[in-house]
Amino acid sequence: MKTHRENGLHVAIIMDGNGRWATRQGLPRLAGHRAGLAAARRIVEHASDIGIACLTLYAFSADNWRRPAPEVASIFWLLRAFLRLETDRLRQRGARLQVIGRRDRLPQKVLTVIENSESATSAGRGLHLRVAIDYSSRDSITRAACASGHSLPLSADSLGALLSEMLTAESGDVDLLIRTGGEKRLSDFMLWESAYAELLFTDRMWPDFDESDLDAAVAEFHHRERRFGAVPESVLQNETCV
Ligand code: IPE
Ligand code: IPE
Ligand code: MG
């Protein structure tokens, strides 16, 4: 199982709750997305400070196209602002930015900013920041299978090994998956990569999620016992008859 654990964790975050955060304060949903962008900037900076190796942020799902066009347009406007603002900071910190998800449906202006940010930070060897835009886990699995270049039929084991390689090669499996906003579902995010991820759901709305929440989530992760299907060594040692 590939993981960043030797040199830091792979943390993935479903940044949910922007709309409700705004509505509760009598503000338009756009204000929630704007506050969500500020939260993302704080969390990216903190993640690199605390040595997280890879951070994958769910920013816009393939199903989010179902939202009203003005909301979609403002989310993309904010995503462009995020990428533009973040690029220099990331480069200074030696971080590398990568956008995952489909690119063929993105507005040209967004594509241009993505390409600039990725090339400007490509030499970064510190935090690997992945931003999921127009992302669907099912879609990425299907595409990886089709792009594997191997003629079918392929044995299930070989296909599984290929998919693992293609989906987690650069990032490793997800160690800790956090969802803010109170919902307890994955909404088509990192389904393959999170096979053994520790899941953490918090009621905190994304704009309110701060550095101490990330610290607490990582601390909880370190208290969990990951077994990967095996019996832990500590139990085996105390066992008199197996
Ligand atoms: C997450 O917040 C941001 C995106 C999905 C783009 P939401 O906009 O889903 O906020 P809620 O869930 O409606 O509160
Ligand atoms: C998931 O949140 C997508 C992002 C956070 C980008 P949604 O708000 O779209 O998920 P559902 O609709 O509640 O499942
Ligand atoms: Mg939501």
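## Trp65 and the aromatic pairs

Trp65 is partly exposed, with a relative accessible area of 30%. Buried here means under 20% relative accessible area, exposed over 50%, and partly exposed in between (1.4 Å probe, protein chains only). The model is predicted; local features need pLDDT of at least 70, side-chain atom pairs count only at pLDDT 80 or more, and totals for chains, interfaces and linings use all residues. Residues are numbered from 1 along each chain as its sequence is written, chains are lettered from A and ligands numbered from 1 in the order in which they are written, and side-chain values use heavy atoms, without hydrogens and water.

Rings of Phe, Tyr and Trp (its six-membered ring) pair if their centres lie within 6.5 Å; planes under 30 degrees apart count as stacked, over 60 as edge-to-face and the rest as tilted. By this rule there are eight aromatic pairs. One of them is Trp65 with Phe76, a tilted pair at 5.4 Å centre to centre and 35 degrees between the planes. Trp65 sits in the loop between E2 and H3 and Phe76 in helix H3, so the pair ties together parts 11 residues apart in sequence. Helices (H or I, at least four residues) and strands (E, at least two) are DSSP runs, numbered from the N terminus. Phe76 is buried, with a relative accessible area of 4%.

Tyr135 and Phe189 form an edge-to-face pair: 5.8 Å centre to centre, 80 degrees between the planes. This pair links distant parts of the chain, with Tyr135 in strand E4 and Phe189 in the loop between strand E5 (176-179) and strand E6 (198-201), 54 residues apart. Both Tyr135 and Phe189 are buried. Ring pairs join Tyr58, Tyr135 and Phe189 into a cluster.

## Helix H2

Helix H2 (residues 29-49) has 21 residues. From first C-alpha to last it reaches 30 Å, close to the 30 Å expected at 1.5 Å a residue. The expected span is 1.5 Å times one less than the number of residues. Buried residues of H2 include His33, Leu37, Ile43, Val44 and His46. Their cover includes strand E1 (10-14), helix H1 (18-24) and helix H7 (211-223). Contact means heavy atoms within 4.5 Å. Gly51 follows H2, with a positive phi near 80 degrees.

## Ligand 1

The residues around ligand 1 include Asp16, Arg20, Arg29, His33 and Arg67, each with a heavy atom within 4 Å of the ligand. Backbone N or O atoms approach oxygen atoms of ligand 1 at 3.2 Å from Asn18, 2.9 Å from Gly19 and 2.7 Å from Arg20. Taken alone, ligand 1 exposes 380 Å², and the protein buries 87% of that.

Notes:
Polar contact = N/O pair within 3.5 Å; in protein donor to acceptor, adjacent residues only side chain to side chain. Areas by Shrake-Rupley, 256 points an atom, 1.4 Å probe, with all protein chains shown as cover.
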